[in-house]
Amino acid sequence: MSLEMIYGTPSLKTQMPRSVFCPGCHYGTIARILAEVMQELEFDGRAIGLAGVGCSFAGMPLNLDVDFTSCPHGRAPAMATAMKRIHPEAVVFTVQGDGDLGAIGLGCFMNALLRGEKLTTIFLNNANYGTTGGQMAPTTLPGMRTTTSPTGRDPQNSGFPLHAAELAAFMPSVAYAARVTVHTPANFQKAKKAVTAAFQKQIDGTGYGFVEFLSACPPNWGLTPTKCLTFISERMMAEYPLGVFKDVDHLDYSKVP
Ligand SMILES: Cc1ncc(C[n+]2csc(CCOP(=O)(O)OP(=O)(O)O)c2C)c(N)n1
Ligand code: SF4
Ligand SMILES: [Mg+2]
């Protein structure tokens with residue numbers, strides 16, 4: 001009797017001797033989704049990844065066996081723009097944290113959307129600056145404690161959280177925008193579909209594809225990996241609803257004279 005392989009490690013997911021991420025971090029699972037999708041869509045030979053500054057800076061390039069470079073903080077959309085315009089046949093994607101894309105790099109991201117670049121962005125929303133010790137990010141929940149909001153984020157003096165997926169969906173050049181999680185197996189499958197769709201928009205030349213992941217950060221949330229899953233479903237998803245906010249096959253250029 002021959003046994004059929006139904007599940008294995010994707011060949012693009014590198015075999016690290018140990019994870020570079022903290023126990024319970026979801027970034028490794030997200031890297032796995034990227035590896036599976038690139039392999040299934042068969043564009044791994046022409047994929048170029050740009051990692052923002054943060055825990056994805058070394059983590060994603062080390063986890064994925066495709067061409068990758070790291071960028072100055074927040075500037076991945078600008079570097080990705082150059083890569084895509086020089087190599088239009090490449091499938092260019094950025095992997096950026098919420099401090100990287102939502103704070104220091106928000107202008108760079110918005111300008112890439114305004115220019116209508118044909119890129120794919122994987123946005124990692126863990127509600128804090130993970131790498132540097134858990135400072136408040138634009139995505140920190142109201143009332144959430146961080147090292148720079150020790151009594152809890154107060155919207156009266158630090159505003160309200162950034163809803164990046166809804167913001168991206170609002171932009172005319174964006175073809176796909178979704179928010180997902182990997183905190184349950186069913187959500188993993190939905191997240192994989194979203195990443196596939198976001199890459200497909202670029203491959204088809206339709207427009208920008210954007211996927212936001214709500215992602216656990218156990219050491220900076222001060223929670224066990226298991227309690228982080230509850231925090232995602234009860235607190236993160238209450239502020240950040242999951243779903244596909246935009247999915248179009250054609251952008252409307254009809255106003256062009
Ligand atoms: C120009 C510049 N400013 C500040 C820093 C310090 N710094 C490194 S990572 C980081 C925050 C990253 O947070 P985020 O993008 O949320 O990524 P995470 O670590 O949470 O994945 C900061 C402020 C830097 N490296 N470069
Ligand atoms: S600090 Fe947070 S985001 Fe960074 S590797 Fe650890 S759990 Fe993941
Ligand atoms: Mg972060």
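A residue is counted as near a molecule if one of its heavy atoms lies within 4 Å of it. In this predicted model, the residues around ligand 2 are Phe21, Cys22, Cys25, Tyr27, Cys55, Asn126, Gly130, Cys217, Pro218, Pro219 and Asn220. By class, this shell comprises 8 nonpolar and 3 polar residues, with no charged ones. The element that gives the most to the shell is helix 9 (residues 218-221), with 3 residues.

Asn126, listed in the shell of ligand 2, is also a donor to the magnesium ion (ligand 3) through OD1. Along the chain, the donors follow the spacing D-x27-N-x1-N. Asp98 in helix 4 (residues 98-104) and Asn128 in the loop between strand 4 and helix 6 (155-158) are 30 residues apart, and the pair thus links distant parts of the chain. Asp98 and Asn128 are both buried.

The model contains an open sheet of 7 strands, arranged in the order 2-1-3-4-6-5-7 with mixed pairing. Strand 2 (67-70) and strand 7 (243-247) form the edges, each pairing on one side only. On average, neighbouring strands are turned by 15 degrees against each other, direction ignored. Strand 1 (residues 47-51) and strand 3 (residues 91-97) run parallel and are joined by 5 bridges; Gly49 has Phe93 of strand 3 as its bridge partner. Helix 8 (residues 185-203) lies across strand 3, strand 4 (120-125), strand 5 (174-181), strand 6 (208-214) and strand 7, at about 160 degrees to strand 5.

How values were computed
Residues numbered from 1 in each chain as written. Chains lettered and ligands numbered in written order. Predicted model: local features only at pLDDT ≥ 70, side-chain atom pairs only at ≥ 80, totals over all residues. Heavy atoms only, no water. Helix = DSSP H or I, 4+ residues; strand = E, 2+ residues; numbered from the N terminus. Nonpolar A, V, L, I, M, F, W, Y, C, P; charged D, E, K, R; others polar. Pairing = 2+ DSSP bridges. Axes fitted to C-alpha atoms, helices over the stretch in contact; angles between N-to-C directions. Contact = heavy atoms within 4.5 Å. Donors = N, O, S within 2.8 Å, 3.2 Å for Na, K, Ca; no water. Buried < 20%, exposed > 50% of the residue type's maximum accessible area, 1.4 Å probe, protein only.
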